[in-house]
Amino acid sequence: MIAAIKSPGSNTRGLLAYLYGRGTHDEHFDPHIVAGFAMLAMPDPGRDENATLTELGRYLDEPVRLRNSEFGQPVIDHVWHCPVRAAPEDRYLSDAEWSEIAQRIVHAAGIAPEGDDLACRWIAVRHADDHIHILATTVREDGRRPKLHNNGIRVGDDCRKIEKDYGLRQLKKGDGTASRRPTQAEMHKATRLGWEQTSQQWLEDRIRAAIPHVTDAEELLTYLEADGVAVKPRRGPSGDLLGYAVGRPDDVNAKGEQIYKPGGKIAPDLILPKLQARLATSTAEEHPTARRSRTATPWHQATDALDSLHAELTDATGDEGSSSDARAQAHIAALGELIEATAQHTPEDLRAELRAASGAFARAQRSQIRAEDRAADAVRIAARDIVHTATGPDGSALAALLAALVWATILAGRWHEVKNHAHQADAARRTLHHLQAAADQALAPTLTELAYHQPREEARRTLASDVRTAVPDHAERILADPSWPALAALLADAEAGGHKPHQILKEAAEQRELGTARQPARVLITRIQHTSRNPVPNRRAEAARRTSTTCRPHTRRASQPPFQDGTAAHGGDRARAAACCDGRPPRLQVRGQDPATRQSPAPSHVRGVQTRVRLRAGRCEGRAAAGGIWRRR
């Protein structure tokens, strides 16, 4: 049951005309009063043919006129209007039941507390099976105004009790962190202009899409302005940013002026102080395309960053400390940014599912718990690296990242359930549905490729034995999974790269529990592909590489003699050393040779004879070998 309190009005007669009228689509039938402050003397135009709307309006406005005549200053916005609607699947409620519900709602709102004979005047009109309208004038019989502060919260709490008492569909209790619902006027305007979203929803999507791209609030406003959003900053005398408002192009009022909406009116977590706290957490990093020395792509780095998020949420779910909750909330907010960044740079066939996941997870990103934003720097940096990268992901990297996002969303939903965040947990479940669909679609090409080179039956039996050894509790489910042949092929490839199958299986199983996995073999495939993408280093090959036969110039020690021209062989004198070569490559000179003819007086046939090798651009030590091969010592 939903009770939507409208903005206060000043025309009682006009609202009565709507309640007793035919409706905008002829949906009103048999309008009549089911409850009121004094039913015996109440004129009801729906049941009494002699009663008029004007008479009923004057009857409700009587305390307002008396107050205006005594105080001289008229009361404005005195009409309180609250439609109360049941769910479509709820049972039919009689007039008597709607009467009881209306009395409970006006009591909870403070309009007419139970037992208060001097309360406000009100009526409840029913003109459809599934809802009523409560109308009240907010001046009491004694001339005072009722206390209506936070009346929406109190009415919402009482609606949850009404649902339980009357056996209706039970909704989740709100926590004040949801985005504002679009008004009917905003929805009608969007329909009239051909927009798929209202201005508020459009602006929220644009702001959330811009957050992974920027590092401070000023940069955010600049990015939004470049993206076609109308921006109106509010600054102090010193020029410091104090607030902001944004507007959608072509969203104008009756005078043709641009309509701006403050960030706090769009979503609670988009106010300037909260944005500054989130954006100031991460230090500026070098652009990922300039990191030539790193072999891991931003997609692999994001998967690695999610490992810390998994550990943080797992610890916070079983911990009641406020510090761990603040860190968990920060990681969940950063997870939403990473999902949005991934949606912006994935292939076109996956983008729709990931954008739907990002939109659904926006509700799970915020709660009443204050986030310790600096705790999630690694995840936020990973999101920024993805939006700044110039290359898209390969199939295995994207599949591994999506699998990690699925597990992170599961952990976020569990944490919200433990903290009784009903709306956030429901948003996490809706996000999980879209992420799982995208993950299955991204993994399909990899499974097809692995199916082409399955190992032989004997090798598969050996790998099955490794599975039973590494994960005995889930071995039978893994071996019965349709993706087991693909997992066997992947394990064979990993073994060829130097990995031990049972060890890599054990490590992959420890990264997330497999009890809730729909297809445990698929989960292991994505994790093993990520961890085994690089072969195990071969120590002998590395040692052979270090003992290369190439003789390269190096900085001479101080104990060595200087060059022939007197130039000391220090790092600062390399330019002079190169100058003596006249731009030619350095030549080897063996002691005993004629410098002019470079001929030895007597060739040496003795292996292992120590010789001194002199470079014109530097000196290195070596020893003679058969065929004139020299190697650096």
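**Reading the terms on a predicted model**

Mentor: The protein has 22 helices and 12 strands. This is a predicted model, in which local features need pLDDT of at least 70 and side-chain atom pairs count only at pLDDT 80 or more, while totals for chains, interfaces and linings use all residues. Residues are numbered from 1 along each chain as its sequence is written, and side-chain values use heavy atoms, with hydrogens and water left out.

Trainee: Why is Glu97 called buried?

Mentor: Buried means under 20% relative accessible area, exposed over 50%, and partly exposed in between, with a 1.4 Å probe and protein chains only. Glu97 has a relative accessible area of 19%, so Glu97 counts as buried. Of the 633 residues of the protein, 45% fall in that class.

Trainee: Which residues does Glu97 touch, leaving out those up to four places away in sequence?

Mentor: They are Arg91, Tyr92 and Tyr166. A contact means heavy atoms within 4.5 Å. Across the protein, 68% of the contacts with a separation of 6 or more are between residues 24 or more positions apart.

Trainee: What makes β1 and strand β3 a pair?

Mentor: Two strands pair if DSSP finds at least two bridges between them. β1 and β3 (residues 79-85) have 2 bridges, in the antiparallel sense. Ala3 stands opposite Val84 in β3.

Trainee: Where do these strands sit in their sheet?

Mentor: The open sheet has 5 strands in the order β1-β3-β5-β4-β2, with antiparallel pairing. β1 (2-3) and β2 (32-36) are at the edges because each has a single partner strand, which leaves one side of each without a neighbour in the sheet.

Trainee: How many bridges join β6 to strand β7?

Mentor: There are 6, and the two strands run antiparallel. Pro233 has Tyr244 in β7 as its bridge partner.

Trainee: How do you know which parts of the model to read with caution?

Mentor: By pLDDT, the predictor's confidence in each residue, from 0 to 100. The mean for the protein is 81, and 80% of its residues reach 70 or more. Over residues 602-633 pLDDT stays under 50, and the model has 67 contacts beyond four places in sequence for them. Where pLDDT is low, the predicted coordinates should not be read in detail.

Conventions:
Helix = DSSP H or I, 4+ residues; strand = E, 2+ residues; numbered from the N terminus.
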